Amino acid sequence: MPIKLWILFSVLSGLITRSAIANLRIVTTTEDLRSITEAIGDEFISVSSIAKGTQDPHYVEAKPSFLVAVSRADLVISIGLELESGWLPLLLRGARQPKLLPGEPGCLSVSEAIIPIEIRAQADRSDGDIHPLGNPHFMADPQRVILVAELISKRLSELDPAHAKNFKQNLERFKLKLLNKIAVWKQKMGPFKGIKVIGYHMTFNYLFKFFDFDVVGFLEPKPGISPTAQHILKLIETAKIKKVKIIVIENFFDPKPGVTLAEKTKAKLVMIPAYVGGDDSSKNYFDWMDTVVNNLEMNLK
Ligand SMILES: [Zn+2]
């Protein structure tokens, strides 16, 4: 091999080897987590999500392709609070990687960073069987997302100390942008403080709290239980008495019960993407929240 070509080859292969070693392979359970991890890890990581934003993350099929992705991962990032309890433990056990088991460096549940709302006393199962540890849908609360981003940055730095400085810089950039966006979103929703809302599942409770909306009911009679005709009748009465303005439904749920409710009351039905990747305009965390806020604003005006 001519000497110049040999040098070029050596340099290129060196670069490829270095970047392959440096890149942390990360699997997240949801697209929200993928988006935030990507913002912080940037070129020093590769990341993929198991659940798509168009899917209900409570119920995900533990496909063999996910098992392959998890078994190759350096880090698995999940929401926690039992959101993924129906499928993630299967994947983690199946991956047979001791470093990914709970308590190990390769396993991160971001619920550690936040205090959840709606924690139920263990004996009280009257509100249904899911989410007794508290509401796991906190990614819809931009303030809590700051804490989540800080925790992810910390873990990336522990696993790849050589790039800790980069992760910190990316974190600061992300936080600054998020704080600016929070001001914009709060301003847009400001005129609608106190409006009465009916949800489907408890997916947007953090968001409603964040904007000071008043949630007066859910299409699900209990968390995780599909709407019944009898329950809808009750909700029609509630919506009339409380003057409910909007019915907000995650776009992967059946809209029919919401359509019925909207027809019988003065409430407007709003279908919104529940997660990053939930529609074409929600590619990352900022786009998703923009979509949600703009959608709410359009329907509340
Ligand atoms: Zn849920």
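**Two domains and the interface between them**

The domain assignment, which is automatic or taken from a database, divides the chain into domain 1 (3-183) and domain 2 (190-300). The structure is a predicted model, in which local features need pLDDT of at least 70 and side-chain atom pairs count only at pLDDT 80 or more, while totals for chains, interfaces and linings use all residues. Residues are numbered from 1 along each chain as its sequence is written, and side-chain values use heavy atoms, with hydrogens and water left out.

The C-alpha centres of the two domains are 27 Å apart. Domain 1 brings 36 residues to the contact and domain 2 brings 24 residues, where contact means heavy atoms within 4.5 Å. The size of an interface is often given as the accessible area lost when the parts come together. Here, domain 1 and domain 2 bury about 2600 Å² between them, with 65% of it on carbon and sulfur atoms; buried area is the accessible area (1.4 Å probe) that two parts lose on being put together, summed over both. On the side of domain 1, D32, H137 and A140 supply 19% of the area buried against domain 2, more than any other three residues.

K181 and D290 form a salt bridge in which the closest N and O atoms are 2.9 Å apart. The elements giving two or more residues to the side of domain 1 that touches domain 2 are α2 (31-41), α5 (142-159) and α6 (164-189); helices (H or I, at least four residues) and strands (E, at least two) are DSSP runs, numbered from the N terminus.

Helix α6 also contains K175, which counts as buried because its relative accessibility is 17%; buried means under 20% relative accessible area, exposed over 50%, and partly exposed in between (1.4 Å probe, protein chains only). Beyond its neighbours within four places in sequence, K175 is in contact with I146 and E150.

Notes:
A salt bridge is a side-chain nitrogen of Lys or Arg within 4 Å of a carboxyl oxygen of Asp or Glu.
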